[in-house]
Amino acid sequence: MKELIDKLYKEQILSREEFFRLLTERTPKEEEYARNLAAEVREKNYGKDIFIRGLIEFTNYCKNDCFYCGIRKSNKKAQRYRLTLEEILSCCQEGYELGFRTFVLQGGEDGFFTKERIVSLIHEIKERYPDCALTLSIGEKPYEEYQAYKEAGADRYLLRHETADEEHYRMLHPEPLSLAHRKECLRNLKKLGFQTGAGFMVGSPGQTAQTLVKDFLFLKELQPQMVGIGPFIPHQDTPFREKTAGTLKDTLFYLALIRLMLPKVLLPATTALGTIHPKGRELGILSGANVVMPNLSPSEVRKKYMLYDNKICTGEEAAEGIQDLKKRMQAIGCKVVTARGDYKG
């Protein structure tokens, strides 16, 4: 398998059959080799810099009913909230003072936040913080809406594809959501000039080596500037409550493969990774990741944005723990930098 890892490093692509072999026949030694190589590639492209993004979870209302998600429409136990414009701007101000130069507005697909409201929000943030990048993560929208966000000044957009396999997509999402539409949204975002992020859950119910091969090949074809992957973690109030979580081992290996395949990609060590292991984030960075996304949301709503059980939302995960985060990154030979952290295309 080492020769396949070397091939991915040199050529940035494998065939369907080669990816399948690599995913199914790898040994722990080969996983370690891939992770070390990925860390070298990260350093070659971005040095020892780790970019921080200030995550603002501004609404947990959602019209969708994805089977894995704690804020799905059918979860009657979810405590719903929406932040006001003032509260969102207050999060940005606090983040700016802490050194954040990218804000990520993330929320469910909430009809209250119309195109006009989001456009107005973008204008307000970009006017106050012109030196900051603004990322949106608010789901599937019509082309015209994405265009309006771009024209208002939004820089990046995160929209995980979740799985590139049609049948698997159906297992995770009820109608009317479709993989074809999700892919169309991602292509529209790229066409409009957004730095675009896709990604998938590791170990989601129904995931197989075959579905994962399709994920890697789709990411190669799409060429996103950002890829977000993290372990699936079940939520007690969803149909997947009894399902097994994704593993640290798999997540770290797939992070490494993504870094080798897309050398310049912006690759987060996610909150979910930090949730399943106390040093999950550090291990993610050591496997090729170069982004962390501390939480800037008001402390009283953090526990309400519960996409999965036991999500970390205090300590280093929270923006106030930024000094701890800096120390943790220094301990593994990296440094948190105050920069927009744009894609080096």
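**Figure 1. Overall fold of the protein chain.** The protein chain contains 14 helices and eleven strands, where helices (H or I, at least four residues) and strands (E, at least two) are DSSP runs numbered from the N terminus. This is a predicted model, in which local features need pLDDT of at least 70, side-chain atom pairs count only at pLDDT 80 or more, and totals for chains, interfaces and linings use all residues. Residues are numbered from 1 along each chain as its sequence is written, and side-chain values use heavy atoms, with hydrogens and water left out. The C-alpha trace spans about 55 × 45 × 35 Å along its principal axes.

Figure 2. Among contacts (heavy atoms within 4.5 Å) between residues at least 6 apart in sequence, 75% join residues at least 24 apart.

**Figure 3. The ring pair of Tyr-46 and Phe-51.** A search of the whole structure finds 14 aromatic pairs. The ring centres of Tyr-46 and Phe-51 are 5.8 Å apart and their planes stand at 90°, so this pair is edge-to-face. Rings of Phe, Tyr and Trp (its six-membered ring) pair if their centres lie within 6.5 Å; planes under 30 degrees apart count as stacked, over 60 as edge-to-face and the rest as tilted. Tyr-46 counts as buried at 3% relative accessibility, and Phe-51 is buried with a relative accessible area of 6%.

**Figure 4. The ring pair of Phe-200 and Phe-216.** With ring centres 6.0 Å apart and planes at 80°, Phe-200 and Phe-216 form an edge-to-face pair. The pair links distant parts of the chain, 16 residues apart: Phe-200 lies in the loop between strand E6 (195–198) and strand E7 (201–202), and Phe-216 in helix H9 (residues 209–222). Both Phe-200 and Phe-216 are buried. Ring pairs join Phe-19, Phe-200, Phe-216, Phe-253 and Tyr-254 into a cluster.

Figure 5. Thr-135 belongs to strand E4 (residues 133–137) and counts as buried at 2% relative accessibility. Apart from neighbours within four places in sequence, Thr-135 is in contact with Thr-102, Phe-103, Val-104, Leu-105, Arg-156, Tyr-157 and Leu-158.

Notes: Buried < 20%, exposed > 50% of the residue type's maximum accessible area, 1.4 Å probe, protein only.
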